[in-house]
Amino acid sequence: MTVDKEGYEEELENEAKKNTGKGGEDQKDMLFQSKETVWLGNESIATTNQQGKYQVGSTQEATIVAIFTGRGTLPTEKGFQPSASAEDEVVGLVLDSTPFYPEAGGQVADTGSIASADGTKALAVSDVQVYAGYVLHIGTITSGSLAVGDTLTCSVDYERRSEIAPNHTMTHVLNYALRKVLLGGPNEEEEKKGKIAQKGSHVDENRLRFDFGWDKPVTAEQMQQVEQLVNEQITANLQVYDYTAPLEQAMQIHGLRAVFGENYPDPVRIVSVGADVQSLLAKPTNAEWANYSVEFCGGTHVEALGVGDVFVITEEVGTAAGVRRISGVTRDKARECIAAADKFAARLDGLEALQDAALAAELKVVKNELGSYTMGAVRKAELVGRLDAIAAKVLAWQKEQTKAKAAAAGSAVKELASSCGDNAKVVARIDFGVDGKASSKLFKEFSKANKTSSLLLISAGDEGFGVYCTPCKQHVKDGLDALKWVQAAVEAAGGGKSGGREMNANGQVASLDKIQDAVDAAKAFVA
């Protein structure tokens, strides 16, 4: 896989610091810098043979050629030592050869163990880094002591690697699919501008993440096309090939995903999905190669895409100006996303069968549930679209209801104004929702029809109720206080919010349980 070298090296150092505990005064610094690699060279210690890192399922014997205890100032950091024990806490072993894959190219390091056959000597490997060809196996000693010259058995956690490998391979296919969908295939002119250029990646056993050059969000439709293209190749169970060839020859392959201006090793390892690398090299200008993912990569991969089972994009976001990030999952985690989307779709099916008030009430519940579903970005966009359509239907219904309630409330207020007589103090429950603007219109209607009477309205909403009051001028002169009248109603219902002054006041109670108590108290206040 091609790599943004400068960004990758910075990320590598940050990740190494995190994994080795470098981040505080009480944590070890297990980083190799020039001092450490020069020391190894001066001791005539050869770089680590890494040929075994592509093997799967087998153990490998290796000999300790150096033991590193840290380069910092803690008491247990003594640089290179001839031996180490559990008392040294975190240590690093340099071996003559290794089957462990060190963190590189965006792929996390292998984990596992390095131990003697009888188990009396053992290191639990939690991180593996490579510096100038020297592979450092970092971990804690769990049994006995280790010494330079010990020959031990390296056991990689291949089950974990089997979850990492499909994610790495699918990152290659994702890279190919993005270029196919967004650029229509290889486009040297646009790619020289940085379009779809890899800006970073990270692959572990849980998910894959790919950063690329693009100046706007990838649309849901484009993501659907990308996801479909990746899954079509998985269904076809395309074979994955690798071969190491001279760099100049490899660079001639049509459709090769390479970063312009990047310095690659020579010879370079080529990873191709669906086309034998020897065939690519034999006819490098064949336009057919644009239909395959072809990259330079030193990582571990599956032998065929079918191992990946299924691919789901989980997120698409911007990380910087002109840089987008797509995250995805494969296998069981992808199946979980699909199952979650299917479950939420069924929830929407049930929601769409409801009408009016029942629909409005259930919509609130379903909206609150949405965040608990971990689903793919493509299906989520589709389902959120359905949810928005349902919400629009509910909103239209609510507007109709509000309009009808307002009309009914207006008629009821006019009837009160004409029937209550002069100098009356009227308390009425008329439901038009908890709506101060609507109440103002109703009081204007009442005052227009009856200027000598005062009105206090109590109106139920979905979950609580409002209290609204505007006395006539004469009653205010006689001592009637709108705010105190409202407060009497609110307090009788268990309390709530109230505000205003003697000429105009309103209140709100969060529950409908004691709305009748509020009506009774308001009537008693002016009895």
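Two strands are said to pair if DSSP finds at least two bridges between them. Helices (H or I, at least four residues) and strands (E, at least two) are DSSP runs, numbered from the N terminus. The structure is a predicted model, in which local features need pLDDT of at least 70, side-chain atom pairs count only at pLDDT 80 or more, and totals for chains, interfaces and linings use all residues. Residues are numbered from 1 along each chain as its sequence is written, and side-chain values use heavy atoms, with hydrogens and water left out.

The protein chain holds 14 helices and 21 strands. Its C-alpha trace spans about 110 × 60 × 40 Å along the principal axes. The radius of gyration, taken over C-alpha atoms, is 36 Å. A compact globule of 527 residues would have a value near 24 Å, by the rule of 2.2 Å times the number of residues to the power 0.38.

Of the 527 residues, 48% count as buried. Buried means under 20% relative accessible area, exposed over 50%, and partly exposed in between (1.4 Å probe, protein chains only). The chain exposes about 24800 Å², an area from the Shrake-Rupley method with a 1.4 Å probe. Carbon and sulfur atoms supply 48% of this area.

Strand E10 (residues 198-203) is mostly covered, with 5 of its 6 residues buried. E10 pairs with strand E11 (residues 208-213) in the antiparallel sense over 5 bridges.

Most residues other than glycine have a negative phi, and most peptide bonds are trans. Glu89 is not a glycine, yet has a positive phi of about 60°. Glu89 lies between strands E3 (83-85) and E4 (90-95). Glu89 counts as partly exposed because its relative accessibility is 43%. Asn237 also has a positive phi, of about 55°. Asn237 sits in the loop between helix H5 (220-235) and strand E12 (240-245). At 35% relative accessibility, Asn237 is partly exposed.

The peptide bond from Asp266 to Pro267 is cis, with omega near 5°. Pro267 is in the loop between helix H6 (247-250) and strand E13 (268-273). Asp435 lies in the loop between strand E17 (425-429) and helix H11 (436-449). The C-alpha atoms of Asp435 and Gly466 are separated by 7.6 Å.
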